[in-house]
Amino acid sequence: MPQRQAGTRSHRLSGWVIGVTVVLGAAAAPSTATSSSDSPENLSPSVREQPLTQYRAYRRMHARNEHFGQEAWLEAWTELDQRGFRYTVVSESGSDYMRNKVLKGVLKREQELVAGGDCRRSELTPDNYEFQDVQQGDGERYVTLKPKRKDVLLVDGRMVLSHDGTELLRVEGRLAKNPSFWTSLVNIIRHYARLDGVRVPVATESTAKVKFAGVAYLDVQYEYETINGRPVSLEARRTSATTAVR
């Protein structure tokens, strides 16, 4: 591939990398507790929720772009603690470009977000969102999320809660701001589960429309080894695996 063409493609997909990082970077500090009240303002995170302060997780990542016919896979150990976010790549395969510019780019960008203290900008709190329009259906409760500002780290969409409103199951929607001129319509679904009393993201799916490059896809699954300094129980591992494949 000519160097100029590769560079142009890099700029087109770099915005998508920044955009989908909200899915991953938010995992570092997910204030995601919910209230059982039907009042939208009470459906913001609860101070009683046990925060995620440390984890070690095995991450499986898959990216593809149909227009260029490229696809890549990467598996890595990821860790978060008071020292920051770190990752160690265990295996990788597929397109060199997708591995280096997209998958490793996402991990590197997440590391930068954590180091810069930007994760709070993505939390599900009243500082970032208005919680509106509580609806019931299909055994789940839906709460509309309206970002209070145009920010690439916020999602314009909804929270999906359990029937009684006590558990956050998913966050789904579109980024409140396009991450770059090249990238639009970044759609995200982030799945959650409560593992040993702490709610954590267990899988993410994202798609983005990239100018002249078509639709790009990224899927990520997390398998936690420790949470807040404690080994994850076998039951919690099973819960995580079940949630991730739904």
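**Salt bridges and aromatic rings**

Tutor: Arg-99 and Asp-96 join their side chains in a salt bridge with an N to O distance of 2.0 Å (a side-chain nitrogen of Lys or Arg within 4 Å of a carboxyl oxygen of Asp or Glu). The model is predicted: local features need pLDDT of at least 70 and side-chain atom pairs pLDDT 80 or more, whereas totals for chains, interfaces and linings use all residues. Residues are numbered from 1 along each chain as its sequence is written, and side-chain values use heavy atoms, without hydrogens or water.

Arg-99 and Asp-96 both belong to helix 2 (residues 96–115), and because they are three residues apart there, about one helical turn separates them (helices, H or I of at least four residues, and strands, E of at least two, are DSSP runs numbered from the N terminus). Arg-99 also forms a salt bridge with Glu-92, whose closest N and O atoms are 2.4 Å apart. The relative accessibility of Arg-99 is 12%, so this residue counts as buried (under 20% relative accessible area; exposed is over 50%, partly exposed in between; 1.4 Å probe, protein chains only). Glu-92 has a relative accessible area of 32% and is therefore partly exposed.

Arg-56 leads on to the aromatic side chains, for it lies over the face of Trp-77, at 4.0 Å from the ring centre (NZ of Lys or CZ of Arg within 6 Å of the ring centre and within 35 degrees of the ring normal). A second case is Arg-64, whose charged end sits over the ring of Tyr-217 at 3.9 Å from its centre.

As for ring against ring, a search of the whole structure finds five aromatic pairs (Phe, Tyr or six-membered Trp rings with centres within 6.5 Å; planes under 30 degrees apart are stacked, over 60 edge-to-face, the rest tilted). In one of them, Tyr-58 and Trp-77 have ring centres 5.0 Å apart and planes at 70°, and the pair is therefore edge-to-face. Since Tyr-58 lies in strand 1 (residues 55–65) and Trp-77 in strand 2 (residues 70–81), the pair ties together parts 19 residues apart in sequence. Tyr-58, at 11% relative accessibility, counts as buried, whereas Trp-77, at 24%, counts as partly exposed.

Tyr-129 and Phe-131 form a tilted aromatic pair, 6.4 Å centre to centre with 50° between the planes. Both residues are buried: Tyr-129 has 3% relative accessibility, and Phe-131 has a relative accessible area of 8%. Three further residues, Tyr-55, Tyr-222 and Tyr-224, form one aromatic cluster.

Trp-182 is placed in the loop between strand 7 (168–175) and strand 8 (183–195). At 24% relative accessibility, Trp-182 counts as partly exposed. Its C-alpha is 5.2 Å from that of Lys-211, although Trp-182 and Lys-211 are 29 residues apart in sequence.
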